[in-house]
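Dear colleague,

I am passing on to you the structure shown below, together with a summary of what was found in it. Please read the notes alongside the coordinates.

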Amino acid sequence: MNSFFKKTRQVFSSRGGFFWIVLFLFWLKTYLTYQNNFSLGINNAMQQFLLFFNPIPFGLLLLGIGLYFRGKLTYWIQIIVSLVQSIWLFANTLYYREFSDFLSFGIIKSSSSVSNNLGTSILEIIHPTDFLVFLDVLILILMMSFKVIQPDMSTTKRRYGAISSVVAVVLFSINLSLAESDRSQLLSRTFDNNYIVKYLGVDFFAGYSAYQTHQQTATRKNASKSDVDKVLDFVNKNRSQPNVSYYGKEKGKNVFILHLESFQQFMINYKSDGEEVTPNINRFYKDQHTMSFDNFFHQVGQGKTSDAETMLETSMFGLPSGSSMTSYGSSNTYQALPAILDQQGYSTASMHGDVGSFWNRDNTYKSWGYQYFFDSSYYDDKDDYSIGYGLKDKIFLQQSAKYIEQLPQPFYAKLITVTNHYPYDLDKQNQSIDKTKTGDKTVDGYVQTSRYLDQAFGEFIDYLKKSGLYDKSVIVAYGDHYGISDNHPKALAKLLGKDSLSSYDLAMLQKVPFMIHSSNLSGGINHTYGGEIDVMPTLMDLLGIKNDDTIQLGNDLLSTDRNQTVAFRNGDFVSPDLSKIGSKVYDNQGNKVNTKKLTQQQKDILKEQQDHTDKSLSLSDKITTGDLLRFYTPQNFDKVDKSQYKYKYSDGMKALKEAQRKKKTSLIEQNGGKSTEDLYKTDAPELKDDDE
């Protein structure tokens with residue numbers, strides 16, 4: 001026994017032995033924290049391996065700092081590094097438990113945000129086992145203090161520190177390469193902090209968020225009020241006048257935004273083997289009280305869905321790379337539609353059957369002024385309830401009814417569907433139409449998930465009719481972005497019954513449905529060219545909300561004097577007359593145009609269109625990266641004060657009941673306290689054997 005103790009003591013006391021022991025403990029507590037305290041969504045063996053592997057490079061790099069020093073200092077530096085790691089893991093555990101997200105330097109820098117978010121509830125969310133992350137440090141400190149460990153005082157060979165640093169860099173390069181092979185554009189198209197931690201580790205995330213914060217701070221610091229003057233000059237010159245026939249026509253009505261995931265315009269009235277794929281959406285599209293736009297384009301970049309939401313609710317473009325919601329949603333100032341409607345007496349809520357941290361929604365929605373955010377933590381979930389990116393649409397919409405009926409009216413409610421999302425997988429019990437037969441696995445499942453989305457949409461519309469909300473609401477339904485990308489031209493051509501598709505054809509396939517329904521409106525097909533950037537001003541004019549001094553880059557789709565140039569994030573554009581796709585110009589029949597043969601007037605128009613596109617994108621980027629809206633506030637609008645969100649979003653039901661006592665009545669109150677949930681009829685097979 002004495003011999004064993006002596007050998008163990010020698011191992012701990014030697015410089016190399018101590019380093020490897022501390023490194024092992026550093027790795028172990030990090031990996032166990034990953035597994036037990038975070039929900040990172042491990043989907044394959046590669047991700048599991050990288051989760052196991054990623055603490056090692058940073059452990060080598062950080063603990064290796066101690067190897068550059070001599071004597072006791074070597075040991076104490078490694079203990080301090082391990083202590084800092086424990087504190088970082090402990091803090092992230094608490095923050096993640098509360099918000100399903102990781103502490104970024106932007107959040108830490110905004111100390112008031114952290115204290116408001118965590119301060120009052122920290123005792124409720126802390127678990128005794130959380131302190132186990134400090135156990136290894138405590139033991140090492142005691143062993144040093146009671147001289148169980150007797151540091152090696154011999155001359156230090158600093159090359160060991162250098163070797164540790166080099167090996168760390170090499171291992172991290174391997175880590176990053178493997179991560180990119182499993183998730184391409186991991187860093188350039190960041191949409192969830194969970195992915196960064198899952199692939200590269202919580203320590204890399206600390207450095208990465210610090211770098212992002214530094215870049216954003218530098219750009220923000222260099223911005224000034226004079227930059228806003230340039231923006232206002234452009235916006236005011238291009239602002240269209242509202243259509244007097246529609247302005248204020250929907251004043252005071254509830255507003256539903258139905259986000260149809262990956263749903264493209266060509267699916268309207270599309271038939272597969274003679275069978276209508278989306279009969280419910282088709283009926284809604286052609287309804288006598290639905291205004292439908294058949295030249296409405298998505299305008300997203302790398303941010304995909306997050307870009308669509310950004311344009312829809314702020315009338316600003318997404319970024320040329322990455323997502324503005326993830327990079328700036330937590331910190332920027334906005335003049336967003338939810339905040340504007342809130343200040344007009346509306347209740348505002350977003351509902352989504354996935355985790356709140358996805359696309360940084362939990363933070364961005366607060367910046368946009370949403371009062372409530374019902375994420376996956378609000379919804380009952382079972383093994384067969386979810387697929388892909390969250391709850392299946394039928395189950396999600398059916399469960400959302402209990403929140404909708406309690407929203408004080410008038411309300412603005414956005415519901416985000418997810419099932420019709422790449423790679424278009426759907427379990428057999430929900431498949432009600434055969435796959436297409438183009439031979440492309442990605443494309444052929446699209447009709448099945450589109451049909452499922454259509455069925456869920458139809459059930460929800462039936463519920464709105466039965467509950468009485470249908471005639472009291474403006475119902476907006478839109479496709480957020482393409483479902484089938486340009487990477488599948490042959491399969492797309494076959495799907496559409498064509499031999500091939502030109503660049504112009506592919507650009508026209510970027511059309512997505514946009515529909516506005518209300519009992520006050522006369523329906524029909526509107527052929528104006530527009531896009532997601534135009535939704536916010538359109539809705540504001542319909543609701544009769546003053547909109548002549550806001551900063552918006554879109555224009556009312558119903559205006560008669562609007563610019564119909566639709567800018568794409570890559571700098572291309574389309575219009576009713578000429579369109580520029582890549583380096584080529586096309587007429588509205590899809591024919592290539594020889595620009596040398598254009599009249600001078602046509603050349604001038606083409607130049608104006610390109611200038612308008614470039615200026616819109618450039619100014620949008622400057623507004624976002626410089627946080628320019630902090631310098632300017634429209635009349636009758638108050639900047640969003642995020643500290644007003646005293647409750648966390650998971651306390652939303654309590655907050656709803658408090659709001660009902662202060663604001664206008666909810667649907668459930670109008671029905672004498674009777675719930676309308678029982679009016680919701682769904683044929684979701686997963687629910688047949690449930691009490692629901």
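Is aspartate 627 buried or exposed? Aspartate 627 is buried, because its relative accessibility is 0%. Please bear in mind throughout that this is a predicted model.

Salt bridges

Aspartate 627 takes part in a salt bridge with arginine 220, in which the closest N and O atoms are 2.7 Å apart. The two residues come from distant parts of the chain, 407 residues apart: arginine 220 belongs to helix α12 (residues 202–222), and aspartate 627 to the loop between α25 (600–625) and α26 (652–662). Arginine 220 is partly exposed, since its relative accessible area is 34%. As a general point, side chains of opposite charge can pair when their charged atoms come close.

The count of salt bridges in the model comes to 20. Another of them joins the side chains of arginine 451 and glutamate 275, at 3.1 Å from N to O. This pair also links distant parts of the chain, with arginine 451 in helix α21 (residues 446–467) and glutamate 275 in strand β3, 176 residues apart. Arginine 451 is buried, with a relative accessible area of 8%, whereas glutamate 275 is partly exposed at 36%.

A further salt bridge is formed by the side chains of aspartate 273 and lysine 437, at 4.0 Å from N to O. Here too the partners lie in distant parts of the chain, 164 residues apart: aspartate 273 is in the loop between β2 and β3 (275–276), and lysine 437 is in the loop between β10 and α20. Aspartate 273 is exposed, with a relative accessible area of 69%, and lysine 437 is likewise exposed at 61% relative accessibility. Finally, a network of salt bridges links Glu309, Glu313, Arg361 and Lys414.

Surface patches

Asp380, Asp381, Asp383 and Asp384 gather in a patch of negative charge. Of these residues, aspartate 380 is found in the loop between β7 (372–374) and β8 (386–387). Aspartate 380 is partly exposed, its relative accessible area being 38%.

A positive patch is formed by Lys271, Arg283, Lys286 and Lys465. Lysine 271 is part of strand β2 and counts as exposed, because its relative accessibility of 53% is over the 50% cut-off.

The nonpolar patch has an area of about 610 Å² and is made by Leu132, Leu135, Leu138, Ile139, Leu142 and Phe146. Leucine 132 sits in the loop between α8 (122–125) and α9 (135–145), and leucine 132 is exposed, with a relative accessible area of 55%.

Backbone features

The bond from glutamine 409 to proline 410 is cis, with omega near 0°; proline 410 is in the loop between α19 (393–404) and β10 (411–416). The bond from tyrosine 422 to proline 423 is also cis, with omega near 10°, and proline 423 lies in the loop between β10 and α20 (441–444).

Which phi value does asparagine 269 have? Asparagine 269 is not a glycine, yet its phi is positive, at about 65°. Asparagine 269 is placed in the loop between β1 (254–260) and β2 (271–272) and is partly exposed, with 37% relative accessibility. Tryptophan 359, which is not a glycine either, has a positive phi of about 60°. The loop that holds tryptophan 359 runs between β6 (347–352) and α18 (361–368). Tryptophan 359 is buried, because its relative accessible area of 4% falls under the 20% cut-off.

A β-hairpin

Strands β17 (residues 578–581) and β18 (residues 584–587) run antiparallel and are joined by 4 bridges. Leucine 578 stands opposite aspartate 587, a residue of β18. The two strands form a hairpin with 2 residues between them, and in the turn glycine 582 has a positive phi of about 65°.

With kind regards

How values were computed
Residues numbered from 1 in each chain as written. Predicted model: local features only at pLDDT ≥ 70, side-chain atom pairs only at ≥ 80, totals over all residues. Heavy atoms only, no water. Patch = residues over 30% accessible without salt bridge, like charges linked within 9 Å, V, L, I, M, F, W, Y side chains within 5 Å. Areas by Shrake-Rupley, 256 points an atom, 1.4 Å probe, with all protein chains shown as cover. Lys, Arg positive; Asp, Glu negative; His and termini not counted. Charge placed at Lys NZ, Arg CZ, Asp CG, Glu CD. Buried < 20%, exposed > 50% of the residue type's maximum accessible area, 1.4 Å probe, protein only. Pairing = 2+ DSSP bridges.
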